[in-house]
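Look at the sequence and the structure below. The report that follows starts with one pair of side chains and then turns to the place where the chains meet.

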2 protein chains.
Amino acid sequence: MSLVEKNKMNGDLNKRLTTGGLRLTPQRQQVYDVLIQKRDHPTAEEVFIRAKQAMPDISMATVYNCLDALVQCGLVRQVQLERGATRFCPNMEEHCHYYCDECGTVFDVALTGNSAVVPRPKGFKIDHYEIAVHGLCASCAAKRKK
Amino acid sequence: MSLVEKNKMNGDLNKRLTTGGLRLTPQRQQVYDVLIQKRDHPTAEEVFIRAKQAMPDISMATVYNCLDALVQCGLVRQVQLERGATRFCPNMEEHCHYYCDECGTVFDVALTGNSAVVPRPKGFKIDHYEIAVHGLCASCAAKRKK
DNA sequence: TCCTAATTTGGAATTATTCTAAGTATTGAC
DNA sequence: GTCAATACTTAGAATAATTCCAAATTAGGA
């Protein structure tokens, strides 16, 4: 990412956070950077490990706090694909998650115009929705056939 | 449920399980009954508590084993809506889950013909998908307005 | 009936997440 | 810039959810 882009991103980050009474701290920036740099839907644990490389004193509690803050202000989404650890995804476009039940890989697929319209039950105020598609990724499906 | 229906259900249960080398045991039947009797998307813990009423000696490990067996043979689906406990749902029709972020209520809405078509990325072999809609239920949304 | 494999059990172990209390940093008012 | 108020970070303890384990039991097929 260019410096210009990065500065713009930080401005956005700051604006988003402060609107909700939250603050932009070096740790939150770092956690967000980690998510942006490698969009492989890491768990909190993985974010922690990656963030420590640049910021060795960051703690697990802070990673959770940062992730929660980012989720709260709409910069990151929380993704629950299996029993166990929650994953985090900085892609805020409408998309669904494809999860390989064999190897655990996750990837995003954008939702285009006519796909995936969820019903709008009366009275329910929709905030957002998550679509998780389970199955076998191309590579694991190929292996199975052998 | 009538006795006839129940017997039919058990036959189905048995067939489904045995096809995958699994067995129909009293515990699995009990766990399945619990799910059918109150379809409020209970957690494993809640299933455990309810199952104990009819079968006091059932253990938590068995509840997990039963739930996993039922999920594996396609009679129950696992639902991940938030951080924390997994929920279980015996409704195998295509539907999505509406989750109230305020009070935690969950309800199903059937997917009708034109709604929710997920993309089919090349090579990925889809097994099933889960749609979780987050927001405020009618009652909580109304309270908020006040 | 006998054998084999699947299942159940209680408890220990592990993993994921939350809580707590004390110190530190940031913000806005003056 | 100083000060008070509030938000944030930290390490570690505590809790919650799930998995693992080894021994005893049960179910299904020959």
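## Salt bridges

Asp40(A) and Arg50(A) join their side chains in a salt bridge, with N and O 2.8 Å apart. The term means a side-chain nitrogen of Lys or Arg within 4 Å of a carboxyl oxygen of Asp or Glu. Asp40(A) sits in the loop between α2 (26–37) and α3 (44–54) of chain A, and Arg50(A) sits in helix α3 of chain A, so the pair ties together parts that are 10 residues apart in sequence. Helices (H or I, at least four residues) and strands (E, at least two) are DSSP runs, numbered from the N terminus. Over all chains, the whole structure has 10 salt bridges.

This is a predicted model: local features need pLDDT of at least 70, side-chain atom pairs count only at pLDDT 80 or more, and totals for chains, interfaces and linings use all residues. Residues are numbered from 1 along each chain as its sequence is written, chains are lettered from A and ligands numbered from 1 in the order in which they are written, and side-chain values use heavy atoms, leaving out hydrogens and water.

## Where the chains meet

How many residues of chain B are in contact with chain A? There are 42 residues of chain B in contact with 42 residues of chain A, where contact means heavy atoms within 4.5 Å. The area buried between the two chains is about 3,000 Å², and carbon and sulfur atoms give 63% of that. Buried area is the accessible area (1.4 Å probe) that two parts lose on being put together, summed over both. On the chain B side, Gln80(B), Arg83(B) and Phe124(B) lose the most area to chain A, together 24% of what that side buries.

The interface of chain B and chain A holds 2 salt bridges. Arg83(A) makes a salt bridge with Asp68(B), where the closest N and O atoms are 2.9 Å apart. On the side of chain B that touches chain A, β5(B) gives the largest share, 12 residues. By class, that side has 26 nonpolar, 8 polar and 8 charged residues. Here Ala, Val, Leu, Ile, Met, Phe, Trp, Tyr, Cys and Pro count as nonpolar, Asp, Glu, Lys and Arg as charged, and the others, Gly among them, as polar.

## Strands

Two strands pair if DSSP finds at least two bridges between them.

| Strands | Sense | Bridges |
|---|---|---|
| β5 (residues 125–136) of chain A and β5(B) | antiparallel | 11 bridges |
| β3(B) and β4(B) | antiparallel | 5 bridges |
| β3(B) and β5(B) | parallel | 4 bridges |

Within chain B, Tyr99(B) faces Val106(B) in β4(B), while Cys100(B) stands opposite Gly135(B) in β5(B). The hairpin of β3(B) and β4(B) has 5 residues between the strands, and Gly104(B) takes a positive phi near 85° there.
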